[in-house]
Structures are given as C-alpha cells and as structure tokens.
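Trainee: I'm new to this one and would like a close look at a single part. Could you walk me through it?

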Amino acid sequence: GSATLSRLAMSKGWWAATVVFAAVAAAWAWAGIQPAFTAPLPNASNIAEVRMMDFRDAIYYPVKELLAGGNPYDPAAMLAHWPIRQTFNLYLPYHLMVTAPFALDDYRSGAAAFTGVTLVLVLLIALMAAWQLRARVPLLAGFAGFSALLLVGEVGKGQLFAGQINPYVAIGAAGTFLLRRAHPGWAMFALAMAWVKPQYGLPIAVLLMFRGSWRVAAGGTAIAALASLPVVGLLMSRDGFLGFFQTLARNISWSRSRDYLAVDSVTAHRPDVAGVFFRVTGLTVPMLEVVVLVVVLVATGLLARRLDAMSNRTELTPVADLMCLTAVVIALIHQPGDILCALPAMAAVVAVFWRRFGDLGWMPVLAVALLLVTHLHHQVVDHAIVAIAGARAAVTVDGVAMIAAWLVLVVYALLRTRVAAPRPQSHLAVVAST
C-alpha cells in the first residue's frame with residue numbers, strides 16, 4: 001500500500017515538473033522565434049541589427065550571391081552586393097546547398113522557416129540529453145527540463161535570436177561520439193554534419209583517430225568533402241582553380257582582421273585558450289593558436305584513448321566524450337554558445353554519477369557544473385558581471401569556466417588511468433620464488 005502510494009506520488013511529482021518545465025519552454029520558445037518576424041528587413045542603414053544577423057550574413061545573402069553568379073567566399077563582393085555586417089566565413093561549401101531552400105523565397109519567409117527548423121533542432125538536442133538520463137528521469141520530464149534549460153538560457157535562446165546554424169552542427173558533433181561504436185555508419189553522417197564548420201570537423205576527426213575510430217573519421221570527412229564538390233566545381237568554373245584558392249586566402253585574411261574574431265581582441269567572446277589567454281594577461285604569443293590546438297588535441301586524444309581502454313569503459317566513455325567535446329571548443333576559435341554540442345555528454349556523465357557515484361567520483365560532475373556557467377550566463381548576470389568586474393571579465397568568464405572544466409577532466413583522466421609501478425622484489429623474495 002505505502003509503496004504503491006509512494007510510486008503514485010512520485011509519478012504525480014514528475015508530471016507536475018513536466019508541466020512546469022514545458023510551460024516555461026513553450027513561453028520562451030514563443031519569445032525566441034519573434035526576431036524572425038520582428039527584425040527589420042535588411043538594408044544598408046541597419047546592418048548593425050543583431051536579430052537574425054547570422055541568418056542574414058551566413059545563410060540568406062551568401063546563397064543569394066551564389067545564385068547570382070558570384071562567390072560568397074569573396075569578402076569584397078559580399079560587402080559590395082549585400083547589406084551585411086559579417087562576411088561569409090569558411091563554412092564547408094555544401095552548407096550553401098543545405099541552406100539554399102531558406103533563400104529561395106523572400107527574406108521574411110526564409111527567416112521564419114529557418115527559425116522553425118532551428119527550434120526543432122534545439123529541441124532535438126534536449127531530447128538527446130534527456131535520453132541519457134532516462135533510467136533515472138522519465139524521458140518526457142527530462143525532455144521538458146532540458147528544453148527549458150536551453151530556451152531560457154543563452155546557449156539555446158541565442159541560436160534563435162541570431163539565426164545561427166550551430167544546433168545543426170552541435171547535433172552532428174554530439175551524435176558522432178554517441179554513435180561511433182554502436183552505429184559507425186550513422187556516426188559518419190553525424191561527423192559530416194559537424195564538418196559544416198571546420199573548427200568542429202577537424203578536431204573531432206583528429207580525436208576520433210586517437211580513439212581508434214579511423215573509419216568514422218575518414219568516412220565522415222569523405223562524405224562532407226564529396227557533398228561539397230558540386231559547389232566547389234561551380235565556383236572553380238567561375239574563378240578558375242587558382243582564383244578559387246586566392247579567394248579563400250582573402251577570406252581568411254579578412255576574418256582574422258575582424259575585432260570580434262581576432263585573438264588579440266578585448267571585446268571578443270572567444271572561449272578558446274588563445275583568446276582567453278590574451279584577455280586575461282594582455283599578452284600576445286606568436287603561434288599560440290597552433291600550439292594550443294596541437295597540445296589540447298594530443299593531450300585529450302591520448303587521455304580519452306586511455307579511458308576507453310579501461311575495463312569499466314561503459315562508465316568512463318561519457319567522461320571521455322565530454323572531455324573531447326570540451327576540447328573541441330577550447331582548442332580553436334569558437335563562440336560560447338558552441339558548447340551546446342556537449343549537453344548530451346554532460347547528461348550522460350550525470351547519469352553515470354547518479355548510478356555509480358562510488359566508481360565515478362565527483363570531478364566529472366564538477367566539470368559539468370563549470371560547463372553550465374555559459375548556460376546560466378543570462379543578460380541580467382552579464383550586466384552584473386560588467387558592473388562588478390568590467391566588460392572584459394564579462395566576455396571572458398565563459399571561456400575561463402570551459403577551460404577549467406577541461407582541466408578538471410584532464411586531471412581526472414590522469415588520476416583514473418594512472419598505473420602504479422610494480423614494486424621491485426627483494427633479493428630474498430627472488431631466491432624464495434626460485
């Protein structure tokens with residue numbers, strides 16, 4: 001009797017939580033899609049408008065430039081032909097085909113359709129995270145809870161506000177690690193999705209090779225490359241072979257000169273080690289970005305491989321996955337919201353901790369807590385940080401938290417995989433054994 005009543009009460013508790021979380025998520029989802037309908041139509045006088053800025057600059061007008069016979073990777077052409085603030089970065093060329101349907105109609109219709117798809121993708125990431133906790137938290141309750149976290153927090157809400165493509169890439173990045181063992185074929189397609197942004201695809205492919213998933217790394221990279229060939233061929237037919245690569249070089253040079261992307265910018269939100277190092281110390285170190293990329297990926301890859309090799313890898317694989325996804329964001333130029341890709345792995349670590357606290361320990365959960373800093377970095381919190389510590393601290397705190405989370409996971413992996421050296425036998429013991 002009492003056990004049945006307890007289960008019934010628990011069920012009612014979960015239903016109540018689900019309703020509350022779902023109501024919060026629905027309210028913020030409605031608010032989140034409004035920029036697609038309320039942002040002014042782009043023109044030369046409002047290029048500073050941030051609502052749907054990424055949709056305007058990285059999707060709609062690059063596709064329009066391609067369809068008009070130009071090269072969207074050419075910064076000068078894009079700035080001359082369209083009302084944009086940011087030039088088209090080096091997304092993989094197949095990105096232009098995937099997003100082309102959103103630029104075939106008028107701007108407002110394209111923005112609304114893209115925002116609807118983005119919302120679905122954000123909710124899919126919430127579902128991926130909830131699935132990791134389904135043994136302890138009812139799937140519907142977990143889905144509602146993670147949806148509320150993403151749509152209320154800046155990590156998810158920002159994707160809708162600015163019209164970013166990150167949810168698509170994040171699903172690819174998270175899915176690659178979740179599927180690489182049980183479903184390597186699907187993991188290849190997930191990696192191909194992540195390759196839309198090379199700063200995701202490259203480090204993920206390298207880390208997969210460290211962890212023994214060569215087929216997934218090679219297959220996913222090949223799929224992304226083959227999917228890009230039609231656009232590459234079209235652009236080469238217009239600019240010539242040499243001209244195509246000269247345009248890419250100009251694109252890289254232009255991007256590195258922009259204040260919001262430069263490693264030595266005090267206003268950039270970059271959470272990578274090189275960007276955070278400059279904003280904390282004010283020092284510029286030659287080749288630091290390359291050194292950081294190599295050190296972070298090699299250290300992460302080796303330690304993840306050691307965690308995979310342990311007998312209880314079922315419990316430690318989520319930790320290795322989380323370390324890898326965090327490393328992806330801090331090793332290369334990224335934005336704080338890119339940590340969205342780590343949410344399913346964060347949930348998986350919590351699930352293991354919940355189930356086997358004595359085996360896992362507290363350090364991985366500390367890393368999860370540090371990664372939640374970006375999710376909870378609301379506008380109100382940002383204003384408080386600016387008032388207390390200044391604007392530079394406000395754009396640096398997310399990066400510091402992510403780097404700290406990675407360091408915690410690195411130390412944990414070192415401690416967990418440490419093998420005690422065998423004690424040398426004494427001379428008497430050797431004689432006795434013979």
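Trainee: What volume does the second largest pocket have?

Mentor: It's about 820 Å³, the space filled by probe spheres set on grid points joined across faces, edges and corners. A pocket here is an open set of points on a 1 Å grid over the protein atoms alone, where a 1.4 Å probe fits, with protein on both sides within 12 Å along at least five of seven lines. Keep in mind that the model is predicted: local features need pLDDT of at least 70, side-chain atom pairs need 80 or more, and totals for chains, interfaces and linings use all residues. Residues are numbered from 1 along each chain as its sequence is written, and side-chain values use heavy atoms, without hydrogens or water.

Helices α6 (107-132), α9 (166-179), α10 (184-194), α16 (313-331) and α17 (343-355) each give at least two lining residues; helices are DSSP runs (H or I, at least four residues) numbered from the N terminus. The largest share, six residues, comes from α9. By class, the lining has 19 nonpolar residues (Ala, Val, Leu, Ile, Met, Phe, Trp, Tyr, Cys, Pro), six charged (Asp, Glu, Lys, Arg) and six polar (the others, Gly among them).

While you're looking at α10, find A187 in that helix. Beyond its neighbours within four places in sequence, A187 is in contact (heavy atoms within 4.5 Å) with T176, L179, R180 and V216.

Definitions and conventions
1 Å grid on protein atoms, 1.4 Å probe; cavity = no way out; pocket = protein on both sides within 12 Å on 5 of 7 lines; lining within 4 Å.
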